[in-house]
Structure formats: structure tokens, C-alpha cells
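Please keep the structure in view while reading.

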Number of protein chains: 4
Amino acid sequence: MTGNVFGERFVVVSFGESHGKGVGVVVDGVPAGLGLAESDIQPDLDLRRPGQSIVTTQRKERDVVEILSGVFNGKTTGAPVAMMIRNTDVDSRSYESMVNTPRPSHADLAHRTKYQGFNDYRGSGRASARVTAGFVMAGALAKKLLREELGVEILAYTLELGGIRAAGFTLEDVRRKRYLNEVRCPDQAAAEEMKKLVVKCRGEGDSLGGIVECVALNLPVGLGEPVFGSLDSDLARIALAIPAVKGVEFGSGFAAARLKGSQNNDQYFIDKTGRVATMTNNSGGVVGGVSSGEPLVYRTAFKPPASIAKRQRTVDISKNKEVDLVVPGRHDPVVVPRAVPIVECCTAIVLADHALRAGFISPVVGGKRSKDDRERP
Amino acid sequence: MTGNVFGERFVVVSFGESHGKGVGVVVDGVPAGLGLAESDIQPDLDLRRPGQSIVTTQRKERDVVEILSGVFNGKTTGAPVAMMIRNTDVDSRSYESMVNTPRPSHADLAHRTKYQGFNDYRGSGRASARVTAGFVMAGALAKKLLREELGVEILAYTLELGGIRAAGFTLEDVRRKRYLNEVRCPDQAAAEEMKKLVVKCRGEGDSLGGIVECVALNLPVGLGEPVFGSLDSDLARIALAIPAVKGVEFGSGFAAARLKGSQNNDQYFIDKTGRVATMTNNSGGVVGGVSSGEPLVYRTAFKPPASIAKRQRTVDISKNKEVDLVVPGRHDPVVVPRAVPIVECCTAIVLADHALRAGFISPVVGGKRSKDDRERP
Amino acid sequence: MTGNVFGERFVVVSFGESHGKGVGVVVDGVPAGLGLAESDIQPDLDLRRPGQSIVTTQRKERDVVEILSGVFNGKTTGAPVAMMIRNTDVDSRSYESMVNTPRPSHADLAHRTKYQGFNDYRGSGRASARVTAGFVMAGALAKKLLREELGVEILAYTLELGGIRAAGFTLEDVRRKRYLNEVRCPDQAAAEEMKKLVVKCRGEGDSLGGIVECVALNLPVGLGEPVFGSLDSDLARIALAIPAVKGVEFGSGFAAARLKGSQNNDQYFIDKTGRVATMTNNSGGVVGGVSSGEPLVYRTAFKPPASIAKRQRTVDISKNKEVDLVVPGRHDPVVVPRAVPIVECCTAIVLADHALRAGFISPVVGGKRSKDDRERP
Amino acid sequence: MTGNVFGERFVVVSFGESHGKGVGVVVDGVPAGLGLAESDIQPDLDLRRPGQSIVTTQRKERDVVEILSGVFNGKTTGAPVAMMIRNTDVDSRSYESMVNTPRPSHADLAHRTKYQGFNDYRGSGRASARVTAGFVMAGALAKKLLREELGVEILAYTLELGGIRAAGFTLEDVRRKRYLNEVRCPDQAAAEEMKKLVVKCRGEGDSLGGIVECVALNLPVGLGEPVFGSLDSDLARIALAIPAVKGVEFGSGFAAARLKGSQNNDQYFIDKTGRVATMTNNSGGVVGGVSSGEPLVYRTAFKPPASIAKRQRTVDISKNKEVDLVVPGRHDPVVVPRAVPIVECCTAIVLADHALRAGFISPVVGGKRSKDDRERP
């Protein structure tokens, strides 16, 4: 398979560019019978949309989704669901001036070399975070499927931004408060500090990184196909497909490298409901490559956006000469707040794929497939 | 595709169990014409083999590889290469006693639930690190292919163990010194400390985690297929398929989340050879999902082995009752030293796959495919 | 992978319905640098379009293709190429009346059962031959790629219709004459007879079947990946994906079952150009699962369209009662003429995929990938 | 994916050569909990084995299967099942003499060109029908799975051999009589004639072709994933992967091209059991790319084996000179009788894959996956 296809049974195919006609996605493998309309997709797109607040780029896009196929009478049909948003606020002028002066830490030079100059560099083309609008469309669909069929809840939020870390929050805080502030952080006090830092940094023409944490609740035990199709393998794979992500960790993650087994192991007990549970969740809900029944918890590290207004050193490759560069255009001073719905949706894509692979969701929603119901009427 | 298959053009199929007949791999897509014998595979298996030193498990296996197919007259034929090692030193008695008392942070309970009790639990079955012998066989083949066709060099080593971090070493130290000590660390002084810590920890019946760093040199620009088949996506995917891995990061990784763009960006200059290079390598050699031409650098976090001799709390699920458990059997007090060749081999698998996908390696070694040589004689 | 995805390196993803918003396709893996515009795709769509003549359905669709992504400055970029046509002349009324009376030999009942009633039955939904417009868009792109990069020529034509078989024609006749008549047959005399038969049959409310033959010239030796990815395997797979196809055969095909080895074998000789050639081509240009260098020749059998105006017996499944049915709506009396460009395009999809898989076409058009050109400038 | 991998959820990976160490297969995706031992696989291998009678090659192989992985306590574990037979009666001498004189209609020249001389030509290597022993091992497993989980019965048999066609037989004849004669034909009188013809033809140093028909009973409605993963697409794909197959047809097949819709359509009625059924089965049990509930019926055309003792014309490619060739070695005068179990097993592979894809068989045998049983104990 080629690089723009993800999944085995819930297959996501990404297409579109930042400054082309638009960005879209085809999802093949969506079970028949799921209620679906544009209004199920639009809210997540709205959370990802640029131009919403002072902490994001000022590009204005309405990002209105059109479902092109796969829905009939308000329900999915089992056929591929194609969805698309059209680009409207495109200003490609600044990119022409940069064709020969690749932006540091951007895909410019590597993609130019790989595609031998044929890549669409306008607005970074396929390397733009705008491409993740397709991930969000597919993921919004996946979230609905997981919620309705299995009661799965997925919650992503800003854990850390510019070195400021959220603390002392509960899952209920995440549910109620993360969207009450521009930085999508469940700790309101930290959120205030984060926002101030972003405003200051934007003023300096610089950018900030951060960490998004994602929790998924109410998962069945056994999602994931060891060894290469393990749940953490697939989550890590899609996480790294999001632009600006440089790391991913599950449960205690990198900190586990400094713990002893006696400290890191999740010992078992019988909880009040009589169910076997673990005293800690350093595993992050994944052991042996499959979901354990504890909450899935993982974190994704985002670097600061490479596009900054500060003067940087680069090379004019048409003249083979070092030059200074000040990146023009409109950019996010930090991607983390807008990455929150993206991470949530990417998580949903992986979970939906594995729920289908493991048979927890049927090819027909609510459907039962057994030896006895295979007959025609 | 199912979970035991990895890759698109260099396809690795893993099979085998810890206490079954053996562990093996089939590699489909190996170019024809590569010199290959068991002696090309055995050295990496020997580095991974258990029972080598005080820092590893005492299980004694010779792990002698047999190539079952795909080689003729000392060269690959273009047909699938199947390889296998047989298990010999199997002692499954201790596992019977643990059937109903799942080991904390092990796959026991989750796999039992997923496979409804049919999984082979002896020696942890498919969840055992022994399965990675198959990754090593495939990766040793991939390393040879990359080295001979592209001059690629891959170097993994212990960067950190039990909180002790290697420092002040050069790439030349990595090449010359990492295998001079049992912990596979290029910093000899740190290696001494690490080894002492392992011996002490083993004595306490406990275990340790650590971090393996991997560097790949001389890569072509443009390996990786954005967006979902990006180079970092695929490396992250296979990294998380290695037992005990809980995180992966590229270049500045999680630290990037705390840097500003002006600090993290890799600015360009023209180096002494007249080639465009970057002043820093915070990108870790991957930008926009493809190799940049700078060295690939990434790190993998290993948790401490879950099997410890210390008393732990679990539940006897046949009696639905909390009980104490002391895990019997022979175990690694730390997996990091043996993980070094595994990470190196897994990296090679991904790089070989992408070198084939991008056309840097041909279906026939040294072969040129063009419009002009497609004729029959 | 799911059912609407085809190919490994030239990946075709089909979406859309007969009476929905339209029909489309995403092609991932298109090499960068290929000149591409809507005008390269439209001619094949025009050949497939309904309503062109007396031998086709009277549904009127202009089928104007829009390229949604993957092209910049008139060339492909290496990113996915999404293309779509919108439906305009949709009349779904007749299908409501048939919801409970499945049409004999149509997908109605089987799809209703499979999708438990959620499938879009209007105009037969995904089971409609209209879906092949997506195959044609992808295949027109593939044909251009094959022609420009390898000089491959693909020619499909009506060999047989309603039992009347073309005879005595040359390849030059195929090139010049097949589109001079409505039935797309290189034998003009036979074409006259075929057309008369179609007109007569349409008048009787009945339908006709036929055979499309396809020839591909100038193929490199060695396209195809034995054993399951053999060239004939993949051609057969996509042929059976075309609605109404019930059989496929290569070279002497089913007739080979009645020949002796001494009759069927293609003996070798040295031709005038000094090249090794075969005296016959009973292999149809495929031996051992790969292209042999002789012309690829295969045939596809189309059944008569299931939608006929004649009274037929069916069951009203809402009442569990046998009833008579006269299928209303606009239908093709024979699909063979419109199938000609479809078969040609499907062949191109398979050949482009295998030309990329075998390295005969590079990821960048005209590009050379070698150890020496992997450097950055 | 590469060429030696087949399937999506029941994944078959073929390896091994005719004159190498042996032939094997890995099956990934086998549900856990299926009773499995070598004795379940051996009978089908025995039916395929060479040297059994006067109508087959005289190579003597016992073809004893060893299960290498994936079974524990007599049941499958959900892990990959690897199986292998070792070659014993290998005589490669005759092949050395033919290296430069490619056998007409064999893979010799095309594979030599594709693999640039590195292919294992001994015994035809991967192009040998011996490779199908791997298909049979995988298919025997699939047959058991289908039989035990769904009650599916698959029956292949010789329909035609050397132009002699079986007639007047019932399904019960197929079940009881096909293995009572060497040619595996349910019509005993025809079988006599066929055998005589084979003996005569062998005496003349020539070979014969034929047709294998395969019927599958008791299939659920809805197996198959339109459009490219349709049931007939996948059956055709695997059929053409069998050496010597030149065509495949479903139901009325090529004959449908000469029928009118009113003749070919399968009209519905209500049968004695109150179930909707069709009066005819010209569809061969597949409509719209999915199983219809009627018996699956399809036919596969085998050409006469290319290896004949008669003098043939070829080219000595080392001297670029035309020469005569008499193929030495031991060969089948006809492959059809030995192809019967191969076709049956290949059919089972496809059906098992689609039964898993459609959810008719669960990842754990007998298992039910629902919202309610996803809890840990």
C-alpha cells in the first residue's frame, strides 16, 4: 500500500493540499447503518479550524464539509464515505519568493529533493497541517461509531505548552473545562499562563511547542493485533503522521526507563465492583500490544512550529549561497491547541479500525453475524 | 493485512513462540542477487541471544539460524526468504503454576481475555521477547542489503540504563566500544556504573529500564511516504512492536516541546564540501515525514522487565481472590543490552522497505530497470 | 485492506453511487512529474458515457471530470490524485417501486441481505456500472503514464456480441476502425450484424452478452509478482470487479483445455530483428505469472444485462409471495460496447501498478534513482 | 504488499522451492480455538502428492507436513500457523542442461529475464506446481475452519480432461465417486475414457489439459467486498495463481456471452422450505460481487503441461541459435487430477478470508464479541 492510506478494516485515504482545491478523505469499511450527516463531522472540523483565536494562524477558512458518497437516507450504506472541504482563503504569493530558500526545519528542501521539484509547495502543500482536516473528518466519523456502538469516550487536551504543565485536574475537568480556554487545557490556571506565553512569544516572532495527552475510556480488552499491528504500534504510527510531532509515549513512557520493575508494575486487585483492576496505570492501558481494560493514556510531543518571523539562516539553492530568511505568511505560534481535536480524531481512527478487526463492531451497525442469520428471507 | 505482517515492499512475516518449536520469519520482496548465507544472519542473532552475560536471562539457547528458502548458489533469488531457529532450552513448568495468577504488567491477563484462553502462555508465547529473534533475522538481511547497495550504516546503543546516561561519546566510540561491555554502551565509564547497578538490582530481585538510541548514516534524501507512511511513522510503529517499549522520540523529541522555534529550528549552511547542511539536527534526520539527508537519530524507551522476583500483588482469577505472587523462572533484569541489536535490525527493516518503495534499491540487486533493458535476449 | 482499494504502488480507491452526488476515485502512488489535466481523462470518460447511441442506455450524463488534488502547474506532484464526476440526470422513482421485488440476476437481494437494507439501492447504488467511471478516470491516468514512460499501447475491442464474432481483422484494424461503429468492433461487417441484433433485441425488451478482447503491446518482460500477485491474477481480479463479467481467459484460455502440449506450447525462434520470439502466442503474453514480452492478450465475458423489459418472476419479500416483474427505468441492452474503454482502463491500472512494482517506472517520472543522486544540492 | 501474500484477514504467505529445502506456508489470522493437528492437513497433501498413479509424475515425495507454530494443546492460539514439507526426492541434474535452452511455454525465459538469472531454476523453482503444496496446507486449515464454524462444504472435481466431459452426475456422485478413479471425475464412464486418453498421450510423449469445476455449499449470503474485493474477483485472482491455469468462469461463464437476458437471468421463487430461491443458477452463486446463497459454482481451465517429451524448437540463448529440445525429467502428463485438491483448497482460502472479513467467523472460534463480553473477569 502507498503512504496516504491507513488502516485495515476502517481504511482512511487522505488527499488534498493546503492551497489546492481543498482537502478530503475517503473512508472505506464504515459499517452500514450508522446515522451520519455533515452535522456529525462539522463540530470537530470547527475545533480544528484556523483563525479562531489569538493563539492560532489568522488564515480564515470556514471549512464546511461536504459528504460526497456513502450515505443514504441519513445512514451509512457500507460503501466508501468520501468527504471534502474546499479551500477559500488562499494566498500563495509569499511561497513563490521562498522557492529557492528552504525554511529551516520545514519539509521544503527534503520534499523538493524527493519529488524533484514537482511537489506543490504553496502553503507547504501536502506537508501542511491543513491536510489533517482529512484526519479530523475521518476521526469524527470514527468517534461517532465508537461512541454509539461501544460507548467509547476519547478525550485529548493540552497537557503542556511552552514548558507550562497542567496539574491537579480530574477527568471531569477535562470533560468540562478544556474548551473553556483558547489553549484547550483542563487546568484553568495553567491555561492562563500558557495563553500569556503564547501572546508574548507571537509578539517576539517566535513559536512554542507542547504536549497533548489523550485518554480513551471504556475500551474492550484485546484491541490490537500483536506484534506489528499492536495497538500502541498503530497509535504511534498515526501520531507521527501529524505534522510537528516528534515523540509519543504510553503510560509512564520515557519515565519508565528510570523506574524499577517494582515501581513501574501495575499490580492487580479486586475493585469495589468485583472486577479485576490495577492499582496504577503505568502501562497506559496497553500491555502485550493490546488494550488492557484500563484507560488508554498516551502523550504526543509537538515541536514549536518551524515558521517563525525571526531572522534565520538558510541557503539560496539556486545560487548556492547562504542567505537570511524571514518567513512571511500567516502561521500558528503554537500548534498544540488545534492539535487537540486532531489527536482525538486520530486516536478514534485507530480504535475504530481495531474494534472492527477484533469483531467488537460488526460490518453492519447493531448487526449480529452468526451461523443462524445468514439466510436470505 | 493482519498483525504479524510488516512492510510494503520488504515484507516481514513473524511466526513462532517462546516455548514452541521455534521462532521464524518470512521475508518477501528481497531483491534477487544479494549474497546471503546463514553466516550473514548469525552474528546479529548471537548479539541478541540469551544467556550471554550476567546482565541477561540465564536461558541457554544457541539460536542457530536455518535458511529454508529463497537462496540459490549463495544468492537470493527474488523468492521469499524463510528463516527459523529452533527452541531447545525450554522449561515450561513454572508457567503452569501461574495460569490463574496473571503477572502484573505482563500480557498474561489481556491476552488470556483477547484469545479467550487459547493463547500459548508458556514462556509468554507470542508476547515473549524471544519473538524478536525473527525481527533480528529479517533485519540482519536488511542491514546487509542497505550496506551493500547504499552504504547505509546503522548503529544502536544503550544511551541510558537505570537512570545512568552515557555522555561525551562520539560516533567513532559507538562503532568501536559499544560491544566492549555487557551493557552495549559507548561510554565505558557509564557502562561500568550501569553494570554495577544491574548486578545490584538483580540481587534485589528487581529490574531496570533504559533508553536505546539509534543512528543511521548515509541515507538518501526522501525515504518515507507522507502522510501515514512517513519514515518516522513506520519507525515508531515497529519500535512499539518490540516488547517493553513505552515511547519513541526523534531528534530533540519530547525536549522540543519545551523549546522555542528559534531554538529548535535547524538552520542551513553550506558545508566544506559545498553541500547544503544543517547547523543542528533537532529534526533527527526526518522532516515532513521523509529523510532529510542528515543522520537519522531516534530513541526508544524500555520499561523495566515486568518479571521480577519481588513479591507482588495479583488476583487468582480462578478463585476471584487477591493473592501474592513471586514470579518464578529465568528472566532478564534489564532488556536494554539485548534490545540494542533488535532496535538496529528493526530500523534496517523500515529503511530497506522505504529504499525499495522509493526506488533507491531495485528488485534485482545492482539491477537497472529502464525502457531499454526490458527486452528478451 | 477493504474492498474498494486496488493495487500496491498505483493504488486506486473507488467511491460514489449511481444516484448519489457522483462517482469518483483517488489514485495514490502516481509518480510526480506527469503532465495531467482534465483533458487527459475526459476522452475515455466520453467513450464510457451513457446515452451515446442506440446501443446504450438513454440516461444522459455529461460526466465532466474535475481533478480535485495532486496536480500543480499542469503536472502531478506525487500526492494523491482525486477525481470526480457529478451525477445530474438522476431518476430514482422507479427504484422505490422495486424495493421489495428484487430483480433477477441483479445485486438487489444479495446486497440487501449483506447490508441489512442500508445499501443505496437507487440506480443499483454501488452495484451500478456507473461506478466504473471511477475505474476509467484512474485508468486514463494509467494509460498516459504507461504510454509516455514505456510506450505501452493498450487496445480493447468487442470480439463477440450476441454470438456474432469478429473475424479477419488486424491490429491496425483495431487501431483505426473499432470506434468507427457503435459496437466498437474492428470487423466492420460483423459490427453491422451486431448492431442489427442489438436493435432487434432492444425492441423485444431483451438484452445481449458478449466478449471483449484486450491486447497490450510493448510491455517489458517481467511484469507480475508470482505467485499471488502474478500479472494474470491481478488482471483477472480487476476484470471480475467490472459488473456483468462472468469469465476471463488468457491466450488460448479455455480452448487450451482441449489441446495437447505439442499443440499449445509456444516454441521459440529468432526473429528478423535477432530477438528471441515465439511462433505462437497461446500463452497470451503471460508465462509463470509474468509478462513474456509477447503481446498480452486476454478476453472477458460479459453476461447480458439483467435489467430487461420482459416479464420475469420474482418474489415480493415484504409479502413473501411470488409476483411478476417488469423492470422499469433506462437500461443498456448490451454492456459490451461501453465496456471496451472500461476493460482498457482496468488493464492500464494493473499494468501501471506492476510497472511501478518492478521498477520500470520510477516514483518521479523520467527520474533516475541511484546511489549517486540521493544527495541534497 | 508483495506477491507471495494473499488475503486480508486470513493471510496466506507462500515460501519454498521445488528443489530447495522444502515448501511451506504461514497463515496469519487463524482464529484461536480451532482444533488442529498435522492429521488435519495431511489428507489434502496426500491427494496432491506426486507419484500416486499412472496419470501423475513419477517423482516420489511423502510430503509429510510439520506444523511449526500457532498450535498449543491441540488448538490454534490466534498466532500465525507456519507449516512446511521437506523435499526429499530431488533430482536437479536435468535442469543444468537446460539452463540456456528455455522450455517452450514454461516460465524459464521470462523468469530468467525478470530475475536477471538469479532465480532458482531447478525443478522450475517457484514456478513449479510443487509450490501449491503450501496452498493446500493453508487451504486444508481453511476447509476445517469453514466446515466446523459454518458447515460449508467445498467440492472440486475434474469436469473435463482432454476434451472428454463428465456428464449426468449429481452432487452425491461428486461426494462419493470422484476419488474412486485416478482422474478425480464423478462420472465413472467418462473417467475411464479420460484415463485411457492420458495413458495414450503419455506414451506419445505429449500432455493434456482439462477443466476443474468447484462447488461450495451452505455459504452465507454476502461474502465478498465489492468492488475490487468481490468474491469472484478474489477467487479468480487465486485461481490464476495456480500454475497452468489459463481461464476462470462463474456460473454460465463464457456461455453467458451468447445468451439473452431472458435466458440467463435467474428468476426467483419460493421453495418448499419457504425460502426465496432461484430457478436456475447461471450466476454461479455470485451476484454483485457477493455470495447469493445459491451454490457457488465456478470452473478453472488448465492448459496441457508445458513439459513434454516430444521434440520442440527453442533457442540456445548462450549462442543465440535455434536448437531442438527434448525436455528430460519426470513430469505430469496432465495436471488436472492433482489440481482437484488444489482448487478446493484455494477456494477455501478465499472463503475463509471473506467469512472473517464479513464477521461470519470470529477471531476466536465459537466466540461472540459484543459490548457485554468485553470486560475482564
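Two strands are said to pair if DSSP finds at least two bridges between them, strands (E, at least two residues) and helices (H or I, at least four) being DSSP runs numbered from the N terminus.

## Basis

This is a predicted model, in which local features need pLDDT of at least 70 and side-chain atom pairs count only at pLDDT 80 or more, while totals for chains, interfaces and linings use all residues. Residues are numbered from 1 along each chain as its sequence is written, and chains are lettered from A and ligands numbered from 1 in the order in which they are written.

## Strand 16 of chain C

Phe250(C) stands opposite Tyr298(C) in strand 16 of chain C, where strand 11 (residues 245–250) of chain C pairs with strand 16 in the antiparallel sense over five bridges. Strand 10 (residues 210–217) of chain C also pairs with strand 16 in the antiparallel sense, over seven bridges, and Val212(C) stands opposite Thr300(C).

Seven of the seven residues of strand 16 (residues 296–302) are buried, so this strand is largely enclosed by the rest of the structure; buried means that 20 or more other C-beta atoms, placed from the backbone, lie within 10 Å of the residue's own. Leu296(C), Tyr298(C), Thr300(C) and Phe302(C) point one way, and Val297(C), Arg299(C) and Ala301(C) the other way.

## Helices 1 and 4 of chain B

Helix 1 (residues 38–48) and helix 4 (residues 132–150) of chain B pack at an angle of about 135°, with their axes 9 Å apart, the axes being lines fitted to C-alpha atoms over the stretch in contact and the angles running from 0 to 180 degrees between N-to-C directions.

Definitions and conventions
Buried ≥ 20, exposed ≤ 12 C-beta atoms within 10 Å, placed from the backbone.
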